[in-house]
Structures are given as C-alpha cells and as structure tokens.
Amino acid sequence: MQIPAPFDYVRASSVDNALALLDRHGAESRVVAGGHSLLPMMKLRLARPDWLIDINDLFELDYLLVDKDVLRIGAMTRHTTLLESDDVKRLFPIITDAERVIADPIVRNRGTIGGSLCQADPAEDLSTVCHVLEAVAVVRGPAGERMLSMADFHRGPYETAVAQNELLIEVRIPIRSDSSSAYEKVERRVGDWAVAAAGASVSLDSAGAISQVAVGLTAVGLDRNVTEVEAVLVGQAPTEELFTEAGRLASLACDPLADQRGPIDYKRHLADELTRRVLRAACRRAAASVSEITI
Amino acid sequence: MQISMTINGTDVTREIEPRVLLVHFIRDDLRLTGTHWGCDTTNCGTCVVLMDGQPVKSCTVLAAMADGHAITTVEGLANGATLDPVQQGFMEEHGLQCGFCTPGMMLTARALLDHNPHPEPLEIREAISGQICRCTGYATIVRSIQWAAEHPVGATAETTDEEVHA
C-alpha cells in the first residue's frame with residue numbers, strides 16, 4: 001500500500017494567501033494543484049513535504065483568455081479544459097493534439113497546465129509545446145511578478161526557475177497570423193510517458209513560403225528547440241524534401257537514452273519521423289488558414 | 001483534521017489524517033467497499049468515483065481535497081430499487097466477467113452519458129481508455145454503455161405509454 005509520509009494540509013484562498021503560506025511554512029512546503037504528479041511522488045516517498053498547500057480553490061487561475069494577440073492561460077486550467085477549447089483548437093492545434101495524448105481522460109480532469117510545467121518532467125508534452133510556441137511564464141512572488149521565457153523557466157529535468165516562495169500563475173502564448181502547429185507522440189499505451197514526441201509551429205508568408213518555424217522534441221534528451229532546422233526551412237516553400245532534411249537534423253540533434261521504452265536508434269528514428277509528420281501537418285494547417293483568410 | 005463532504009447525497013463529517021487517500025477514506029472510514037482499490041498508481045481506474053460529477057481516480061486524490069465536494073460511488077448509482085441504465089446495460093450486455101473494474105467503468109460511463117448522451121463507439125472507447133479490464137472484456141463494456149445510451153432514465157416508461165396509446 002502506498003501512503004504518503006505525514007504532512008500538514010492547508011487550503012489557499014487566494015494567490016496572495018498561497019504566497020503567504022509558502023512564506024510562512026518555508027522550504028518544506030509544497031503547492032499541490034491537480035496532484036497527479038506530486039501525489040504519486042509522495043506515495044513513493046520521493047517527495048516528503050511537511051506542508052501541502054492546496055490551490056484547487058483558486059478559480060481565479062482557471063481561465064483561457066484571448067487578449068489581443070496573446071492567449072492567456074491561467075495556471076490552474078485543467079487539461080480537459082484545454083482539450084475542449086475551440087479557441088485553443090483554432091489558434092494552437094498543437095495544444096489540442098498534445099492534450100489528446102496526455103495521460104488519460106480521467107487524469108486530464110484533474111491535471112493542470114501549471115502543474116505539468118512546474119513538474120518539468122523530461123517526457124512531459126506541454127513543456128515542448130510551450131517551447132515551440134515561445135510561451136512566456138508569469139511567475140508571482142513576494143517581490144511581484146516576473147516574466148520568463150521557457151528557456152529561462154526550465155532549468156533541467158524536474159527543475160524550474162520558480163523559487164520556493166513563488167507561484168506560476170499564467171502562461172502567455174503569442175498569436176501569430178498565417179500560422180499553425182501540430183504535435184504527435186508515440187506511446188506504448190494510453191497514459192504512458194512518451195517514447196518520443198515532436199511538436200512544430202510554422203508561419204507562412206503571402207507567397208506560401210515558411211517565414212518562421214520552431215520544432216521541439218519530447219523525451220529524447222533535448223531541452224531546447226531543434227534550432228538547426230530553421231536555416232534549412234525559413235524562406236523555402238514547404239516540400240517533402242525539406243521535411244526529410246529537417247527530420248534528419250532532428251534525429252542528429254537529440255540525445256536519447258536507451259530504456260524500457262526503446263533503444264537509442266529507435267528513438268532517433270522516431271525523432272526523424274515525427275518531425276516530418278508534425279511539419280507536414282503544421283504547414284498543411286497553416287496553408288488552410290491562409291486560404292480561409294483570402295476567401 | 002475534520003472534513004465534510006456529500007457521499008451519494010448524504011452529508012458525512014469525519015476526523016482524518018491529511019495523508020489519507022480518498023479511496024481509503026471511502027472504503028475504510030465509510031465502509032463503502034464498492035469502490036475498488038487496484039494498482040495504486042493512477043493507471044487501472046478501478047478506484048474511479050465522481051467528484052462533482054466528474055470521474056477522478058480516488059487513489060490520486062486526498063480525502064482532504066474532497067472536503068466540501070460531492071462524491072458519487074457505485075453505491076449511489078441506483079435510484080432505490082431501480083438500477084441506473086448503465087448498471088442495467090452491464091447486465092443486459094454482459095459487461096462484466098470478474099467484476100473488479102466494473103464500479104469504475106460504470107461511473108465513467110455515467111459521467112460520459114451525462115456529458116454526451118449519444119456517444120459514438122469510438123468516444124466510449126476514448127472515455128474508458130484510462131481504465132483497465134484484465135478480463136479484456138472491452139467489447140461488451142462498450143456495448144453495455146451503448147445499451148445505456150439507448151435506454152436513458154425515463155425512456156422505459158415513455159415507451160410503455162406509446163405502446164399503450166398505439
């Protein structure tokens with residue numbers, strides 16, 4: 001039977017209250033949102049906080065807002081909400097693609113975007129998605145708010161720039177015109193971590209050439225975008241030959257480990273194949289959105 | 001600490017340790033053993049209960065987190081002696097063999113039909129994809145949920161009325 005070590009439990013009533021509680025209870029206090037990463041770790045005694053600060057009552061952090069050219073996502077937004085949002089699907093289909101394959105539908109009822117990003121698991125899908133979309137993390141602490149790029153937010157596996165007395169409160173994603181995106185994952189079964197996954201975002205210019213591109217990989221030892229593909233793709237009309245070259249570069253850029261989910265060459269093969277697929281899908285979707293606007 | 005919640009429509013208040021998981025609170029404190037305790041790792045879904053109408057895996061929710069919320073377990077599905085259409089469907093279409101996954105499957109089915117009364121077979125498969133039937137009786141589980149969709153609460157009485165008037 002897996003039971004967490006003893007701890008004290010308190011519910012935060014507001015963001016300010018949560019920050020005050022983190023401050024008061026100090027280094028051994030942890031915030032719990034959906035709890036679907038932290039509670040399993042506590043049950044295995046990999047995490048043993050003295051105080052658990054429950055932020056599930058902070059409905060003020062559960063929102064999706066299209067604010068001019070930015071999509072603002074509250075940190076307590078559940079995976080199910082992201083999956084079912086028409087705005088998300090229209091603006092950032094990469095998020096909808098990823099949410100379809102994050103855990104399972106029941107876990108998605110509880111898990112949150114903020115929890116996923118703060119867990120910073122190397123096999124976590126939304127981290128890659130946020131890197132690809134150039135999202136900004138809004139972190140609040142006693143000294144006020146600070147904005148972090150995903151590169152600054154992620155320090156490494158299971159490590160972020162969020163200090164013990166701070167809270168991730170919002171994720172901001174810039175909305176680009178004539179753009180689209182896609183995500184695809186290979187998993188052994190529903191709910192398992194990715195063997196490998198890839199995400200892509202592209203913008204097309206008026207002539208249909210790629211004006212901006214970002215490709216990211218999940219679970220293959222690369223905690224940055226595959227910047228190598230940019231020089232190859234930007235300024236070019238999307239073609240199968242270019243996607244093939246981008247896939248080759250992605251398979252070279254990653255640094256996977258052999259584990260029970262597969263050997264290194266298989267994971268490199270997936271990085272290659274999935275990069276091609278998400279670029280193909282993102283370009284097709286972006287072209288469709290451009291033609292919709294023209295009509 | 002003291003917690004209060006509604007279980008199957010009844011208010012309960014208990015003194016608990018904060019580390020008690022919802023599944024153990026339901027089974028050991030409330031003695032409602034219809035909720036099963038399986039893998040303990042958020043995988044199998046036999047511990048699924050409804051929290052404010054939404055399926056959750058109760059091995060991964062603290063009882064303290066359910067304080068102030070409404071919980072439905074399998075014991076709360078039937079309306080008196082009348083089975084929920086989902087329960088009837090599992091009988092009609094042989095939706096269970098060993099029965100271990102059944103409580104969780106039925107609660108997920110109830111939530112699905114409340115949200116989407118006419119699901120496609122693929123939508124049913126997606127809804128139960130976070131749950132494991134070790135008898136591998138998925139085809140009959142899907143058929144059971146389809147049966148329930150075709151026989152919503154009240155439909156039986158309406159059919160009888162129509163038949164009488166015809």
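Predicted model: local features only at pLDDT ≥ 70, side-chain atom pairs only at ≥ 80, totals over all residues.

Biologist: Okay, at about what angle does helix α1 of chain A run to β2(A)?

Modeller: Helix α1 covers residues 15–25 of chain A and lies across β1, β2 and β3 of that chain. Taking the N-to-C directions, its angle to β2(A) is about 155 degrees.

Biologist: Which strands sit at the edges of the open sheet in chain A?

Modeller: The three strands come in the order β1-β3-β2, with parallel pairing. An edge strand here pairs on one side only. That picks out β1 (8–11) and β2 (29–32) of chain A.

Biologist: And which residue does A:V31 stand opposite in β3(A)?

Modeller: β2(A) pairs with strand β3 (residues 51–54) of chain A in the parallel sense, over four bridges. Across that pairing, the residue opposite A:V31 is A:I53.

Biologist: Now the chain contacts: which element gives the most to the side of chain B that touches chain A?

Modeller: Contact here means C-beta atoms, placed from the backbone, within 7 Å. With that cut-off, 22 residues of chain B touch 22 residues of chain A. The elements of chain B giving two or more residues are β4 (54–57) and α4 (121–127). With four residues, the top contributor is β4(B).

Biologist: How many residues on that side of chain B are charged?

Modeller: The side of chain B that touches chain A has nine nonpolar and nine polar residues. The charged ones number four.

Conventions. Residues numbered from 1 in each chain as written. Chains lettered and ligands numbered in written order. Contact = placed C-beta atoms within 7 Å. Nonpolar A, V, L, I, M, F, W, Y, C, P; charged D, E, K, R; others polar. Pairing = 2+ DSSP bridges. Axes fitted to C-alpha atoms, helices over the stretch in contact; angles between N-to-C directions.
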